[in-house]
Amino acid sequence: YFKTLADKRKASNHDNWVSAYNYLETFTKGNLKFADLNEKFCNEFKEYLLTTKSNKSSKTTLAQNSAVSYFNKLKATLKQAYKDGYLQSDLNAKIEPVKQAETRRNFLTIEELNSLVKTECNNPLLKRAALFSALTGLRFSDIKNLVWGELEYIEGNGYFIKFKQQKTKGVEMMPISEQAYSLLGEPKEANEKVFEGLIYSAYENKHLAKWIGLAGIEKDITFHCFRHTFATLQLSKGTDIYTVSKMLGHRELKTTQIYAKIIDQTKREAAD
């Protein structure tokens with residue numbers, strides 16, 4: 001039932017559901033019936049998420065906010081199962097969610113970004129993808145899956161990435177700058193990936209860390225920080241928060257507001 005709900009989701013939300021499913025399957029050894037569901041089981045799964053190792057790296061514990069997200073998928077499933085008549089009581093309402101952790105979202109200044117442009121990286125593909133994320137706000141998964149057929153040039157309007165809307169199935173056009181487009185290289189067949197060969201691994205992360213270090217940047221920067229960089233630079237240059245929210249693909253404005261707090265803090269430091 002959980003897998004059926006996961007399969008109905010699209011894009012990065014689908015990936016998140018699949019990740020939650022994988023942790024649930026490991027925890028239950030692939031054997032969980034509706035009859036087994038109760039508050040005790042849910043709280044034990046919650047504790048498991050807060051203490052288990054990450055599937056991405058066996059050396060680190062699963063991040064708290066990942067545990068928040070995955071446990072919320074279980075809660076959403078319980079809620080839907082009650083609506084569909086699989087559960088006789090609303091178990092979801094009895095279960096407390098995992099508390100969200102306060103996160104510090106590291107981002108790059110325009111000077112640091114320019115420094116990275118000028119610095120060699122052992123993996124040029126990773127460098128281009130990271131800079132593309134900083135100029136578009138796209139997540140790693142969206143960049144990895146981007147194909148040439150999703151890019152379009154409209155005379156007088158510039159370059160766009162075509163996205164399918166989840167609800168209406170209509171095509172949404174996200175504008176990107178010419179500078180962002182210039183990072184993509186020579187166009188290929190419509191079904192070919194733009195960043196062919198781009199992978200996420202501990203080995204590639206070492207290349208990323210070395211590149212950032214060589215540029216003289218001492219912040220703890222992950223690939224996702226390039227998306228944060230896009231958001232904070234847009235807001236700092238005066239783009240309104242609603243536009244930034246739409247470009248990031250956030251479903252709720254409150255998700256974007258964390259970046260506004262960062263900008264406010266930056267202004268306070270500048271004033272001081």
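This is a predicted model: local features need pLDDT of at least 70, side-chain atom pairs count only at pLDDT 80 or more; totals for chains, interfaces and linings use all residues.
## Basis

Local features need pLDDT of at least 70, side-chain atom pairs count only at pLDDT 80 or more, and totals for chains, interfaces and linings use all residues. Residues are numbered from 1 along each chain as its sequence is written, and side-chain values use heavy atoms, without hydrogens and water.

## Helix H7

H7 spans residues 124-136. Helices are DSSP runs of H or I, at least four residues, numbered from the N terminus. H7 is largely enclosed by the rest of the structure, because 10 of its 13 residues are buried. Buried means under 20% relative accessible area, exposed over 50%, partly exposed in between (1.4 Å probe, protein chains only). Among the buried residues are Leu125, Lys127 and Phe132.

Gly137 follows H7, with a positive phi near 80 degrees.

## Asn92

Asn92 belongs to helix H5 (residues 91-94). Its relative accessibility is 13%, so Asn92 counts as buried. Not counting residues up to four places away in sequence, Asn92 touches Lys75, Leu78 and Lys79; contact means heavy atoms within 4.5 Å.

## Aromatic pairs

The structure holds 18 aromatic pairs. Rings of Phe, Tyr and Trp (its six-membered ring) pair if their centres lie within 6.5 Å; planes under 30 degrees apart count as stacked, over 60 as edge-to-face and the rest as tilted. Phe27 and Phe45 have ring centres 5.4 Å apart and planes at 45 degrees, so this pair is tilted. Phe27 is partly exposed at 24% relative accessible area. Phe45 is buried at 2%.

Ring pairs link Phe27, Phe41, Phe45, Tyr48 and Phe71 into a cluster.

Note on methods:
Helices (H or I, at least four residues) and strands (E, at least two) are DSSP runs, numbered from the N terminus. The expected span of a helix is 1.5 Å times one less than its number of residues.
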